[in-house]
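Student: I want to learn how to read strand pairing and helix geometry. Can we work through a case?

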Amino acid sequence: MPPELLGPAHDGSGVVSDADQVPLIERLGNDLAAMRQELEAQKKILANLLKQVGMPAQCRGCRAAILWVHHAATTGTSAPYNLDGTNHFGTCPNAARFRRRTNAADTTTGGRERSDR
Ligand SMILES: [Zn+2]
């Protein structure tokens with residue numbers, strides 16, 4: 001077995017550092033708590049950024065508060081976002097109402113909605 005799998009490395013002094021004495025499960029729990037905090041902080045940053053670049057509006061399908069964001073650098077079109085940063089087309093209960101009946105729109109639905117024609 002390779003030495004690194006045998007346990008914490010010792011420097012030969014016989015002294016085990018504090019870090020080595022913290023159980024693995026406790027360290028993982030601490031890492032997870034730190035990652036959750038980081039995620040919450042990132043969500044706030046994203047929400048603030050959206051408020052700066054988005055145009056406040058209300059969804060005509062479900063009346064939810066949304067933000068229109070213009071994707072100037074990529075598609076050149078605008079897309080509706082929820083206040084948490086997710087695309088509103090993905091969560092709107094009435095999203096189908098807004099899908100354009102074009103060939104481009106068909107590729108996004110995989111043709112599954114063609115039966116209604
Ligand atoms: Zn909606």
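Student: In which sense do β1 and β2 pair, parallel or antiparallel?

Tutor: This is a predicted model. Two strands count as paired once DSSP finds at least two bridges between them. Here β1 and β2 are joined by four bridges, in the antiparallel sense.

Student: How many residues lie between the strands in the hairpin of β1 and β2?

Tutor: Six. Look at arginine 63 in that hairpin: its phi is positive, near 70°.

Student: How many bridges join β2 to β3?

Tutor: Four again, and these two strands run antiparallel. Strand β2 covers residues 65–70. Tryptophan 68 turns up here too, opposite proline 80 in β3.

Student: What is the strand order in the open sheet?

Tutor: The three strands run in the order β1-β2-β3, with antiparallel pairing. To find the edges, look for strands that pair on one side only. Those are β1 (55–58) and β3 (78–81). From one strand to the next, the twist averages 35°.

Student: What is the count of buried residues in α2?

Tutor: A residue is buried if 20 or more other C-beta atoms lie within 10 Å of its own. Among the 30 residues of α2 the count is zero, so by this definition the helix is hardly covered.

How values were computed
Residues numbered from 1 in each chain as written. Predicted model: local features only at pLDDT ≥ 70, side-chain atom pairs only at ≥ 80, totals over all residues. Axes fitted to C-alpha atoms, helices over the stretch in contact; angles between N-to-C directions. Buried ≥ 20, exposed ≤ 12 C-beta atoms within 10 Å, placed from the backbone.
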